[in-house]
Amino acid sequence: MPKYKIAWMPGDGVGNDVMEAARIVLDAMKFDAEYVPADIGWKFWCEEGDPLPQRTIDLLKETHCALFGAITSKPRDEANDELAPELKNKGLVYFSPIVKLRQMFNLHTNLRPCRAYPGNPLNYRDDVDLVVFRENTEGMYGGVEWFPLPEKIYEAMCDNPKMVKWKDKGLENVALSTRIMSKQGCESIVRQAFEFAKTHGRKSVTLVEKPNVLRETGGLITRVAREVAKDYPSIPLWEANIDAICMWMIKNPQDYDVLVAENMFGDIISDLCAGLVGGLGFASAANIGDEYAVFEPTHGSAPKYDGMYKVNPMAMLLTVKLMFDWLGEDDLAKRLDDAVAHVIREKKVGTYDVGLSNTTLEVAEEIARHASTPAGVGA
Ligand code: IPM
Ligand code: MG
């Protein structure tokens with residue numbers, strides 16, 4: 001029996017292309033796994049009214065972790081238009097399957113490394129090496145929202161006098177999304193950021209927030225971070241506002257190291273960081289819980305490139321590297337990382353985004369060739 005059982009979820013669009021690329025590399029590296037295909041994505045929304053069918057959730061529970069390509073999401077009206085005729089106007093509402101997976105499997109940590117590999121022509125600077133720890137289930141992604149605003153919610157919120165003014169607009173005109181954060185959620189993400197910094201010899205941890213305006217939620221995570229930081233006296237905690245750090249990241253990204261943020265600010269800052277190291281073609285990500293993890297590159301399904309084998313597979317392959325890390329397969333992780341770094345440095349084989357003209361699969365084959373050589377030999 002293979003050592004691992006991996007749920008295999010190409011999803012939509014170029015998710016298929018990059019997962020095929022991943023398979024080339026996994027097979028070349030002789031990763032000891034069985035891959036179980038799982039249904040997820042737009043097709044299942046259109047045909048069944050559910051982009052994440054229950055059978056997929058059941059299947060995931062039988063696996064060690066999941067590899068996920070990409071997902072397509074469309075606005076409400078378009079989503080309804082594309083439903084099978086018999087499912088239309090039944091009140092079905094599209095939701096993002098990745099957000100649902102994070103909630104269902106309590107994948108509380110989103111890990112997003114952004115490193116400038118030497119030789120990448122798209123590097124903003126060559127000395128950027130950031131790791132984002134994004135809280136992945138709370139905050140504005142908790143899904144506690146209303147439109148229109150129900151009277152009883154309004155009444156309850158009037159406990160806070162600042163609420164009163166919204167009544168004048170008419171509650172039927174008022175939408176409410178919430179940002180709910182727990183002390184436990186804050187503490188867990190901050191501690192993981194510090195632990196990572198400690199284990200990997202990183203020089204600082206920066207909390208990305210906005211506590212001067214979001215006084216309660218931002219205040220909570222700031223207090224918690226200061227408390228946690230006391231356990232790591234050799235690693236300074238820096239505090240930056242989300243707006244200011246967007247500017248500082250463009251000005252001096254090399255000064256930053258590990259970043260930690262609640263869900264929405266982590267979403268924003270991780271795309272910015274990806275932009276500094278070559279864009280979404282290089283941005284890997286891991287959704288990690290206590291017992292399960294879903295590995296999905298930061299990029300989306302890029303429908304216009306669907307099936308063209310044009311997009312850069314490196315984000316997906318670096319995501320596979322994160323899976324190896326999580327599984328404790330350190331040798332495989334290192335070999336894959338080295339192989340990606342080697343192919344970038346050589347500048348001989350690459351996709352259109354780096355100014356070369358190879359296909360997704362050709363790049364994967366080149367990386368596979370280097371990754372299949374045991375560490376320290378050749379490559
Ligand atoms: C990400 C994406 C998702 C998010 C979307 C697709 C729901 O932007 O993984 O960063 O907002 O978390
Ligand atoms: Mg995002």
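Predicted model: local features only at pLDDT ≥ 70, side-chain atom pairs only at ≥ 80, totals over all residues.
How are α7 and α8 oriented to each other: parallel, perpendicular, antiparallel or oblique?

Helix α7 covers residues 183-199 and helix α8 covers residues 217-229; they pack at an angle of about 45°, and their axes lie 9 Å apart. The two helices, α7 and α8, are therefore oblique to each other. As for handedness, α7 passes α8 in a right-handed crossing. On the α7 side, the contact is made by Lys183, Cys186, Glu187, Ile189, Val190, Arg191 and Phe194, and on the α8 side by Leu220, Ile221, Val224, Ala225, Val228 and Ala229. Sorted by class, this contact comprises 10 nonpolar residues, three charged residues and no polar ones.

Let me turn to α8 itself. The helix has 13 residues and spans 18 Å from its first C-alpha to its last, close to the 18 Å expected at 1.5 Å a residue. It is mostly covered, with 10 of its 13 residues buried. Among the buried residues of α8 are Thr217, Gly218, Gly219 and Thr222, as well as Leu220 and Val224. The elements covering the buried residues of α8 include α7, β8 (205-209) and β9 (237-241).

Lys183 belongs to α7. Is Lys183 buried or exposed? Its relative accessibility is 52%, so Lys183 counts as exposed. Beyond its neighbours within four places in sequence, Lys183 is in contact with Leu220 and Val224. Lys183 and Arg223 are 40 residues apart in sequence, and their C-alpha atoms are 9.5 Å apart in space.

Key
Residues numbered from 1 in each chain as written. Chains lettered and ligands numbered in written order. Heavy atoms only, no water. Axes fitted to C-alpha atoms, helices over the stretch in contact; angles between N-to-C directions. Helix = DSSP H or I, 4+ residues; strand = E, 2+ residues; numbered from the N terminus. Parallel < 35°, antiparallel > 145°, perpendicular 65-115°, else oblique. Left-handed = near helix turned anticlockwise from the far one by under 90°. Contact = heavy atoms within 4.5 Å. Nonpolar A, V, L, I, M, F, W, Y, C, P; charged D, E, K, R; others polar. Expected span 1.5 Å × (residues − 1). Buried < 20%, exposed > 50% of the residue type's maximum accessible area, 1.4 Å probe, protein only.
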